[in-house]
Amino acid sequence: MTVPPVLRLRGAAFTYPGGAGVSGLQLDISPGEAVALIGPNGAGKSTLLKGILGLVPKTAGTIELGGARGAAPAPIGRIGSAHAASGMIAFLPQSAELDPDFPISLEQVVMQGRYRGLGLFRWPGRADGAAVRHALETVGLAELARRPFGELSGGQRQRGLLARALASEPALLLLDEPFNGLDQANRDALVDTIRTLKTRGVAVLVSTHDLELARLVCDTVVLVNGTQLASGPVDEVLTLGNVQECFEGLEVELDEHTLVVPGHEGH
Amino acid sequence: MGYFERALLAAVVIGAGAGFVGALVVVRRRTFFAQALTHGTYPGAVAAAALGVSVPAGAAVASVALVAVMAGIARVRRQGAQVAAGIVLTGGFAAGALLQALIPGLPVRAESLLVGSILTVSDGDILLAASVAVVAVICVALFGTRIAFSTFDPHGFRAAGFREWPVELLVLGLTAASVVSSLPAVGAILAIALIAAPAAAARLVVTSFRGLLFAAPVIGAAAGVLGVLASRGLAIAAGPAIALAATAFFLLSLGISKLRALPLKRVAIPVETAEDARIT
């Protein structure tokens, strides 16, 4: 491949000071590529995403970011990675991690995606406002821009946070379990948005339990459970044996179109 | 300016300043922290009174130490922070009471340190409170959006490459300054009423952060003025009257918000089923 990857992990491990973590990570994500990160609860999926953001210390291997904007991948350190990555990586957290009672409107939340690009003493300008509107249109929530965030439904909040991630115009988008608790309409909207982003050249790394979804939007799958078990094209990696190994003997059903892991689809 | 006019001015300045800072305290869920801070400054105030120096200065010294401790504690798990704040609260209060008992012939009456004496505030007290309010407004004008981001979504804030501790330290610093400057008017025990109640009242009736930052100081100033007027009209202590006025505003807002929530006036909100909204 001639295009340099946006993200490259080589033998990387991310470990919380308490000892929990994820290791043995080998991963390349190119512009416009979507990678599914699959594993059971506690497998280290969120830890990996937060490690890339510099929120969990890297304890082994290398992580390189770059390439998407013509620059060669550059190694980044443990402490400074969040800053080195600023403006390049956007993160969609699990909604449960934020305060829904805080008095803030949807468009103000989306504008947060622009702060990194603004200096300390600069206020949002016309370009920022346009980026916010564009992001809200992309996720289909433009008409709810002034609605208090706390009054939105779970699915709408998730899409609003995705709009915030988009407003920062990232090269790499990290999504942490974005499909949990979504109804079909919101799920479809999210799938469409991810597809749109891929065509725009955004690299996407999404952690999910949803194997069907990995089939729908992802090119590559990485199976993790404490360590990386397998990675590669969706059809090659999502085999019964691989998935069973990853989910540690939980009963796994696998047919042509859907992959169901009982007890995990709606945790 | 007579003592009564001065008391009214102090009530407006201190009430507005405490209300403004209180808005930050309430949205960041740091009310119990602020409460601990008010009681923790008590021994500093007693020591200052014994030494014959400015009471707010003594409280400020105590609060600087406490802010340093609490900024560290705030980074620990939430549970731990609450417990530590409780210990600081009772420990500070007990130390102040002990100090007061040990030092005979204290030039200031214990009561005025605990519940304030707004009728005897000095020009310096008013100037201090005004300065704190102005500094708080400037800080929020400059960093308000960052404070909002970090309060709303601490993980997202850090993921965007920002550091959280400067925000935490700024808000704790403003809180401590507000507590110290409120002491002359409402004392160590009642200071929390002027910080928490106006903001909590405003929070019930406004839906934006900006609206909260306007409404809370107005309610705080109104509570101060009403308290001073009631104090003169009914011949009751001013500090408790101010605290009760602030509480009354909270109850009033609570009533208004309950009335608004009646089915007739309920705003149409696109609520999906509980199952849809569940994100775990």
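**Exercise 1.** State how many helices and strands chain B of this predicted model has, and give the order of its elements.

*Solution.* Chain B holds twelve helices and zero strands. Read from the N terminus, the elements therefore run α-α-α-α-α-α-α-α-α-α-α-α.

**Exercise 2.** Describe the burial and the contacts of chain B as a whole.

*Solution.* Of the 280 residues in chain B, 50% are buried. Next, take the contacts between residues at least 6 apart in sequence: 78% of them join residues at least 24 apart.

**Exercise 3.** Determine how many residues of helix α3 (residues 42–51) of chain B are buried, and which ones.

*Solution.* The criterion is 20 or more other C-beta atoms within 10 Å of the residue's own. Eight of the ten residues in α3(B) are buried, which leaves the helix mostly covered. These are B:Y42, B:P43, B:G44, B:A45, B:V46, B:A47, B:A48 and B:A49. Just after the helix, B:G52 has a positive phi of about 80°.

**Exercise 4.** Classify the packing of helix α3 (residues 106–115) against helix α4 (residues 126–138) in chain A, and list the residues that meet.

*Solution.* Begin with the geometry: the axes lie 9 Å apart and the angle is about 120°. Angles of 65 to 115 degrees count as roughly perpendicular and those over 145 as roughly antiparallel; α3(A) and α4(A) are therefore oblique to each other. The crossing of α3(A) past α4(A) is right-handed. Now list the contact: α3(A) contributes A:E107, A:V110, A:M111 and A:R114, and α4(A) contributes A:D128, A:A131, A:V132, A:A135 and A:L136. By class, the residues of this contact are six nonpolar, three charged and no polar.

Methods. Residues are numbered from 1 along each chain as its sequence is written. Chains are lettered from A and ligands numbered from 1 in the order in which they are written. This is a predicted model: local features need pLDDT of at least 70, side-chain atom pairs count only at pLDDT 80 or more; totals for chains, interfaces and linings use all residues. Axes are lines fitted to C-alpha atoms, for helices over the stretch in contact, and angles run from 0 to 180 degrees between N-to-C directions. Helices (H or I, at least four residues) and strands (E, at least two) are DSSP runs, numbered from the N terminus. Angles under 35 degrees count as roughly parallel, over 145 as roughly antiparallel, 65 to 115 as roughly perpendicular and the rest as oblique. A crossing is left-handed if the near helix is turned anticlockwise from the far one by less than a right angle, and right-handed if clockwise. Two residues are in contact if their C-beta atoms, placed from the backbone, lie within 7 Å. Ala, Val, Leu, Ile, Met, Phe, Trp, Tyr, Cys and Pro count as nonpolar, Asp, Glu, Lys and Arg as charged, and the others, Gly among them, as polar. A residue is buried if 20 or more other C-beta atoms lie within 10 Å of its own, exposed if 12 or fewer, and partly exposed in between; C-beta atoms are placed from the backbone.
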